[in-house]
Amino acid sequence: MKRTIAFLFIAALAATTASAQRLVIKGSDTLGARLVPLLAEQYRARNSGVTFEIAAEGSTTGISAIIDGTAQIGMSSRRARTTEHSAAGAKGVVLRPTIVAYDGIGVIVNAGSGITNLTPRQVEQIFTGDITDWSAVGGNPGRISIYTRNTSSGTYADFAELAMNRRDYAASSQKMAGNEQIVAEVARNPNGIGYVGLAYITSPGIKAASISGVQPNKAAVLDKTYPYARPTFYYTNGPATGEAERFIEFTLSDEGQAVVEQVGFVGIR
Amino acid sequence: MRKAYKTIRWLVVFGGLISIAGPAFAQDSGPLIQLLVRKGLVTDQEAEELRAELARDLSAGVVSTIAGSSGTLGLRINGRAQVQYADLSTDVSGAAADPVTTRHAFLRRIYLGARAELGAGWGGTINYDFAGSTFDAAHVTWRRNDALTLDIGLRKVPVGLEEWYTSSSSLKAIERSPATRYFVESNNGRRLGAGSYRIGLYAGGRTGTTGPFYNVAITNPERDESSTGAAGIGGASNNHQSYWGNVGYIGRVGELGTGLTYTVSASAGILPDQGGKVLGAGDDLTVFNAFAQVSKAPFDFQAELFSADVERGVSATRDAQPFGFSLQPSVTFGQFEYVVRYSMVDSDGRGINLSDGIRSAPSGGTMNELSEWFGGVSYFFRGNNVKLQLGYVRGETRDTVTGASAKATTSGIRSQMQANF
């Protein structure tokens, strides 16, 4: 009997320990492609024994994972929707946002394009399909090819809200899995246009257009003069606890924010 | 001190507004929160927590206001309006007079529906077509995971690319092909009624956005989506259940959005007492369907094949094995989509009218085969949600069911305006 109790105690302790040291983070590709893996790497270097499972499949999946209880941290590049708060409330989950970085959504064109500046109205008209040829916005004649993120992406929703007056994307727009894919397509296509996070706007083959003369950069994002700037979030079920709390603290620390800046986002301070 | 006073004044005003206006105010509070941030009265993080709290209040208000029951977690209202104009004339070879031309505008589909989430995987769906006074869907759903979803009630059986796999809002050629219509539309002594709406138990699942999928169902044998039919208790002619099975695979080569995607699928249905020329005589019906769809922007290609074994489908001494197929390439340029479709049906002596395969076409008499060409264009005002479709239709029926030479042709235009919400 004693042996059984001892075994069960040790097994329970081992399970608890193992659970505490495994951090499941799901959600935004914007955060999960580069920033969070790098943060996890540095965090792990200081906290041996902690393992991470990071799945970057779009903000929607991150918020759903918090609601379903399948992740401790949900990465999101957009705010949770009312319907998501509703679904969370029904399950007794409280969606709590923590701003971890700021990001600007840069409108990118092919490096060889004559376009250097667009107005917010022109951006809206291009991405909704009202304008279909570059000549209408002062570029060389050519049919505009629009590259967007897929519909589960927070950036997809944010851009529609920030830049398109919540209108639908043009039917001809092509949906890409992530920022890197959009950069690759726009770099290949002289008539391409797309949008990516600040971390990607200096990629080879593309350039970012200024918006009414304002370049997407750190200063413009911080002083809120760049129109397509947004906070990015970790979502948790109420205040984070345990390893998740410590990882969030690390992300918000000077050290963590240095990583934020290193990968091209704008720190929160 | 002065700043503190201003801060308190702003927060008091803000708090007062929230308490007075409640959830409705929460929805419009974004600009005010931004103002507080700009004035430095709250930090960005505090603003986000405030937004989240307001969103929670708002969501609670919405659910309690529109939900039918306290356990409703989510409720979605949907609708579809399709207004169609058809101008189709039929010429019967050798006939002294041709049938009356169709030249009319009409409501094709007026759907209003709702879908509710009830928690723990349970849900309910209702969709009613006011244009046809028929149900499009009315079922209870239980979803365990991607691999298993159960529906109990009225919906479409898993047969047919155009009929089951494609929503009527997404038909590129406005109406379904003669092959689809002949095999799935209600039995009229020629058409088979071997698909579409049935009441029963359905199960289906998939492994993900790509990969294999399956569907099985046990249903009433007869197709009847009318209010009275769907609520009826049946009789001797339809007391035996039908069995349906479907397997398929969705594949992708390359990136989502730019790569090539394909779907292949095969289905079968066994329908007791649904064969013969007249239902309820103890004659059985078996239907088979296979389809493939390949898409690589801006191109799309669909192919579909139907066949059936109809016991005493021609006469008391002869079964029928009709078959039909359709081929449909399409291409999209910006807001325009161009489509061509060829479809044919061989009724194997059972008979087919032009109107059996081509909706609203004047009938040209019962013959053995039907073929149709359709060429058209869709213009997307607001994606698929608001679109105008226009096409030219030319159909031909040939030879009598006994093999004598005969021909009737129908031709004309069909146009449809759609709003989907």
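1. A helix here is a DSSP run of H or I with at least four residues, numbered from the N terminus. With that in hand, look at the end of helix 7 of chain A. Asn165(A) follows helix 7, and its phi is positive, near 50°. Note that this is a predicted model.

2. Now helix 7 itself. In chain A, helix 7 covers residues 154-163. Seven of its ten residues are buried, so the helix is largely enclosed by the rest of the structure. A residue counts as buried when 20 or more other C-beta atoms lie within 10 Å of its own. The buried residues of helix 7 are Gly154(A), Thr155(A), Tyr156(A), Ala157(A), Asp158(A), Phe159(A) and Ala163(A).

3. Next, chain A as a whole. Chain A holds eleven helices and eleven strands. Of its 269 residues, 50% are buried. Take the contacts in chain A with a separation of 6 or more: 74% of them join residues 24 or more positions apart.

4. Then the contact between chains. Chain A puts in 25 residues, and chain B puts in 27 residues. On the side of chain A that touches chain B, three elements each supply at least two residues: helix 5 (82-90), strand 4 (95-110) and strand 7 (174-176). Helix 5 of chain A gives the most, with seven residues.

5. Last, the make-up of that surface. Which kinds of residue form the side of chain A that touches chain B: nonpolar, polar or charged? Ten are nonpolar, eleven are polar and four are charged.

How values were computed:
Residues numbered from 1 in each chain as written. Chains lettered and ligands numbered in written order. Predicted model: local features only at pLDDT ≥ 70, side-chain atom pairs only at ≥ 80, totals over all residues. Buried ≥ 20, exposed ≤ 12 C-beta atoms within 10 Å, placed from the backbone. Contact = placed C-beta atoms within 7 Å. Nonpolar A, V, L, I, M, F, W, Y, C, P; charged D, E, K, R; others polar.
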